[in-house]
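Take a look at the fold below. We will go through some of its charged pairs and then its packed helices.

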Amino acid sequence: MGESMRWIVRGLAALVALSASAFAQDTYEARVTIRADRPGAVIRPELHGQFSEFLGSGITGGLWVGETSSIPNTRGWRNDVIGALKELGVPVIRWPGGCYADRYHWRDGIGPRAERPVRLNTTWGGVEERNEVGTHEFMDLVEQLGAHAYINANVGTGSPREAADWLEYMTSATNSALAQERRRNGRAEPWEVPYWALGNELWQCGGNLRPAEYATLYRLFATYQWAPEGKRPKIIVAGAYDTDYVWTRGLMENIPIAQMDAITLHHFSLPTGSWTGPKGPATGFGEDQWFSIMRRAHDMDDYIRRHDAIMDAHDPEQKVGLYIDEWSNWYDVEPGKPRSSLYQQNTLRDAVTAAVNLNIFQAHADRVRMANITQMVNVLQAMILTDGPRMLRTPTYHTFMLYKPFRGATSLPVEVRAPDYRFGRERTISLSVSAARDTSGAVVLGIANMDPRRGARISVSGVAGQSIAGRIITAEAMDARNTFEAPDALVPADFSAARFVGGGLLVDAPAKSVIVLTVR
Ligand code: AHR
């Protein structure tokens, strides 16, 4: 065989090998265009916010162990969890609920701890709530974490006066009886309370009201909420669930814009879609439940668009924000845990949908000004799981870590062209992408390849630079996870399969992966 023939044979062999490996990887092609010429809104750090309710071990045990605990703590808050949350950076924490907010009476949680009343948490299992964590303790947590406080006041079983007194207790620097009481309880200076919600899910656990009924109640409550000049919190209206556009419309029609700063929206993804039957397990699921969770996560985009359109009709200047103050995946409770604890494991599936949700919020940063994952520790799609003195960071935590560069960056519109992710006769998107320009000028890209079987070869245009830094979360198994025995089994790794090609980027995203790239 002559030299030239040998080269042809080698070339053909290489071609066969390339296509064989491409086939083995089963890759789809995608095109992403970043519209850096059309910058959007600043991505508020609050889009990466948290939520902590008196529910299961979400607070007691998971965060709070008390000063006398053998678990190392600072004024009762466990040091290991606080350390992990400080690394993550918590922009804002919503508290004390959730549904519990409309049963919570703030006076139960002030004064000497030993004298605080024990109440029954009738929202979550009827368990005893000792009220060891009250206003002073929660605000200590907020200050230890350097977060903003988002307090959800009680409308369902409260009164305008009870809520107004609480706000005065926290924010007044005067000699009023409430401010003096706060001082006697150990806090001289007022606290910062930037966010103040009036009720939660008034359409169910908050009172089973109709939109116009709650709107009337809201106007009454809002009238009496007062804080000193410069300390006025944003006042938040308890909004809808998923597709309840009637609720949002009812609020927009019945509450003057001047009386509200934001309306909320809640959305949970359940694998089976059933609230009454089994929801589906957090681990050990098949592709059917991977698919349904991906599709439910993507639904968020449509919900935001439609609620936003209703708000636009009444508020074209976008004075009122949309806060997604509860969002997460919701599975069956982990075997062996109390039903009311809502304790669930967290896997690669959750990491991927966390990225999908953050991409959606960031793309809608003009209207969406806060989002709070449900919840921070031990409840639903948590950042942290604890077991006695042990703690682990979940895959969702790692997605939030990867997405930190987006905080404070300016959202850039993104156009994605990719084949759908099909499962049986159903389909959803396969690729979710968001982009932003940070304050140093670098472009940050968040990519979630939702397809569990196919890698994505992504051509990105509209971005240029000299260097690419990348991090990835991926694994072989759809339910790869961290356990107390192996807490770092699934952690981010450096990602190098992105390179500059002809004025853009070429990114090879493995199946079921989350990637964040910073291009300088
Ligand atoms: O996050 C758990 C519960 O889900 C909250 O208390 C409630 O607001 C929602 O329905």
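Start with Arg427 and Asp420, whose side chains meet in a salt bridge, with 3.3 Å from N to O. The model is predicted. Arg427 is partly exposed, at 44% relative accessibility. Asp420 also counts as partly exposed, at 28%.

Next comes Arg295, which forms a salt bridge with Glu426. Their closest N and O atoms are 3.0 Å apart. Arg295 sits in helix H8, while Glu426 belongs to strand E19, residues 426-428, so this pair ties together parts that are 131 residues apart in sequence. Arg295 is partly exposed, with a relative accessible area of 29%. Glu426 is partly exposed too, at 36%.

Glu192 forms a salt bridge with Lys231, and the closest N and O atoms are 2.5 Å apart. Glu192 lies in the loop between helix H5 (177-184) and strand E9 (195-198), and Lys231 lies in the loop between H6 and E10, so the bridge ties together parts that are 39 residues apart in sequence. How open are these two residues? Glu192 is exposed, with a relative accessible area of 52%. Lys231 is partly exposed, at 26%.

Salt bridges can also link up. Glu67, Arg113, Arg116 and Glu137 are joined in a network of them. The structure holds 35 salt bridges.

Now turn to the helices. Helix H4 (residues 160-171) and helix H6 (residues 211-224) have axes that come within 9 Å and cross at roughly 35°. The crossing is right-handed. Which residues meet there? Pro160, Ala163 and Ala164 of H4 meet Leu220, Phe221 and Tyr224 of H6. This contact has 6 nonpolar residues, no polar and no charged.

A second pair is helix H2 (residues 79-88) with helix H10 (residues 395-402). They pack at an angle of about 35°, with their axes 9 Å apart. On the H2 side are Ala84, Glu87 and Leu88, and they meet Tyr397, Phe400 and Met401 in H10. By class, this contact has 5 nonpolar residues, no polar and 1 charged.

Finish at helix H7, residues 245-254. Its buried residues are Tyr245, Trp247, Thr248, Gly250, Leu251 and Met252. What do they pack against? Their partners are H6, strand E10 (234-241), strand E11 (262-269) and helix H8 (287-314).

Definitions and conventions: Residues are numbered from 1 along each chain as its sequence is written. This is a predicted model: local features need pLDDT of at least 70, side-chain atom pairs count only at pLDDT 80 or more; totals for chains, interfaces and linings use all residues. Side-chain values use heavy atoms; hydrogens and water are left out. Axes are lines fitted to C-alpha atoms, for helices over the stretch in contact, and angles run from 0 to 180 degrees between N-to-C directions. Helices (H or I, at least four residues) and strands (E, at least two) are DSSP runs, numbered from the N terminus. Contact means heavy atoms within 4.5 Å. Ala, Val, Leu, Ile, Met, Phe, Trp, Tyr, Cys and Pro count as nonpolar, Asp, Glu, Lys and Arg as charged, and the others, Gly among them, as polar. A crossing is left-handed if the near helix is turned anticlockwise from the far one by less than a right angle, and right-handed if clockwise. Buried means under 20% relative accessible area, exposed over 50%, partly exposed in between (1.4 Å probe, protein chains only). A salt bridge is a side-chain nitrogen of Lys or Arg within 4 Å of a carboxyl oxygen of Asp or Glu.
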